[in-house]
Amino acid sequence: MRINQNQIQENNKTSIKTLEEQFNYTSNTLNNKGVDVNAIIKKLQNLQIAIPSWALGAGGTRFGRFSFFGEPKNLEQKIEDIGILNALTHSAGAVSLHIPWDIPEDYNGIKTLANSLNIKFDAVNSNTFQDQNNAALSYKFGSLSNTSKDIRQQAIQHNIDVINIGKKLGSKSLTVWLADGASFPGQNNFQTALINTENSLKEIYATLPKDWKMLIEYKPFEPNFYSTVIQDWGTSFMLATACGDKAYSLVDLGHHLPNCNIEQIVSTLMYKGKLGGFHFNDSKYGDDDLTVGSIKPYTLFLIFNELVYGMENNPNNPDLEWMIDASHNLKDPLEDLLQSLEAIQEAFAKALLIDQNKLKNAQLNNDIVTCQEILHDAYRTDVRPLVAKARLNLGGAINPIETYRALNVRNQLIKERGKYSIATGL
Ligand code: LRH
Ligand code: MN
Ligand code: MN
């Protein structure tokens, strides 16, 4: 299933006039305030967000999983799905693979397909949180932190294998997330687990190609409920620093304890040049992996404010790897991802509206009200016409979800692929 330019342009005809009106109003208002609207549109056009290969089926829970049908059966079909998202939005030009969930069989075929859909291979993710088929040793009691040298070695080798897979695809980074930890006090010696993890990561790091990054993801709990070895940004930062210049922290928005000030973490990591990438999602309670911006859109905006500030002021921080890590049970996964992409772009656009000089002056004058007003003014601006215009300029859909529905994409996929469900494997 492919969507072509003509179908999108045809569908855009119904909303082009309204968009032009809305865009003119918004850009005039912003121009009058001294905002460079074209510069914002350019930045939006350049933002590419990787889609995780594990988000394209209905899933995201260990409880009941209900199919949406027509879900992709293999990596090729997952990449085709991302092609649909990218054709509609021109902002989903990358895929982030989880190994071994998505090991390519035909590398040339996969690369040709991805290329034809303008999709790049973003970070490859290792998986030592599950036992692999036919694995000699089990990760039940940890992987890179395990007290057994042989188990650690198996996990290290897996990460090296993942790097080698990524090399063949053109990826430039490895994301490591560990489930290692303990569910009961006394189960683990904290220092031993940390030292083992640090040493294992260093061994993986030693095999990293020159132009690669290693992204270390943290998470406070789940699947272990007493302690997690890489529990927070501080631990991740410490490990990344111990490994070297090519190692960075990765922030997954769902991986924080309630009320944590994530935007401050972003700011600190960028100041130290150690923020490598992002997993976008949203949550009410824990690692809920809900649609980006669905629960705490103001927090998302504040995070983007720090990202925009950091991208301007911290040249020591590398370009970020933007990824979505959301998947769940109720919505059509492609519509869900379209919503997430839109939420990210909106938050980015709003953050770009903040007058950083004005904000700095207000901060220096301790004028709290003005500081807030500057943020509120940006946040309350309806930037949807800017986001839609950026998409339109690239040949995308003015209203991606509406176009997706008008083109009957899900039914087409069901026709082509049948009522297959990733959730049930039937
Ligand atoms: C862990 C996590 C990590 C995994 C993904 C499937 O909760 O966020 O990024 O790779 O979920
Ligand atoms: Mn994640
Ligand atoms: Mn997660």
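Me: Is the crossing in which α9 passes α10 left-handed or right-handed?
Reply: This is a predicted model, in which local features need pLDDT of at least 70 and side-chain atom pairs pLDDT 80 or more, while totals for chains, interfaces and linings use all residues. Residues are numbered from 1 along each chain as its sequence is written, and chains are lettered from A and ligands numbered from 1 in the order in which they are written. Helices here are DSSP runs of H or I with at least four residues, strands are E runs of at least two, and both are numbered from the N terminus; a crossing is left-handed if the near helix is turned anticlockwise from the far one by less than a right angle, and right-handed if clockwise. By that rule, the way α9 passes α10 is right-handed.

Me: At what angle do α9 and α10 pack?
Reply: Take α9 as residues 262-271 and α10 as residues 297-313, with axes 8 Å apart. Axes are lines fitted to C-alpha atoms over the stretch in contact, and angles run from 0 to 180 degrees between N-to-C directions. The two helices come out roughly parallel, a label for angles under 35 degrees. The packing angle is about 10°.

Me: How many nonpolar residues does the contact of α9 with α10 have?
Reply: Contact means C-beta atoms, placed from the backbone, within 7 Å. On the α9 side are I262, E263, V266, S267 and M270, and they meet α10 residues including L302, I303 and L307. Ala, Val, Leu, Ile, Met, Phe, Trp, Tyr, Cys and Pro count as nonpolar, Asp, Glu, Lys and Arg as charged, and the others, Gly among them, as polar. Besides 4 polar and 2 charged residues, the nonpolar count is 6.

Me: Which residues of α5 do L75, E76 and I79 in α4 meet?
Reply: Helices α4 (residues 75-89) and α5 (residues 107-116) pack at about 10°, with their axes 10 Å apart. Their contact holds 5 nonpolar residues, no polar and 1 charged. The α5 partners are I110, L113 and A114.

Me: Which residue is joined to P100 by a cis peptide bond?
Reply: P100 sits in the loop between β2 (94-98) and α5. Omega of the bond is about 20°, and the partner is I99.

Me: Does N259 count as buried or exposed?
Reply: N259 has a positive phi, near 70°, without being glycine, and lies in the loop between β8 (247-252) and α9. Buried needs 20 or more other C-beta atoms (placed from the backbone) within 10 Å, exposed 12 or fewer, and partly exposed is in between. Because it has 6 such neighbours, N259 counts as exposed.

Technical notes. Parallel < 35°, antiparallel > 145°, perpendicular 65-115°, else oblique. Contact = placed C-beta atoms within 7 Å.
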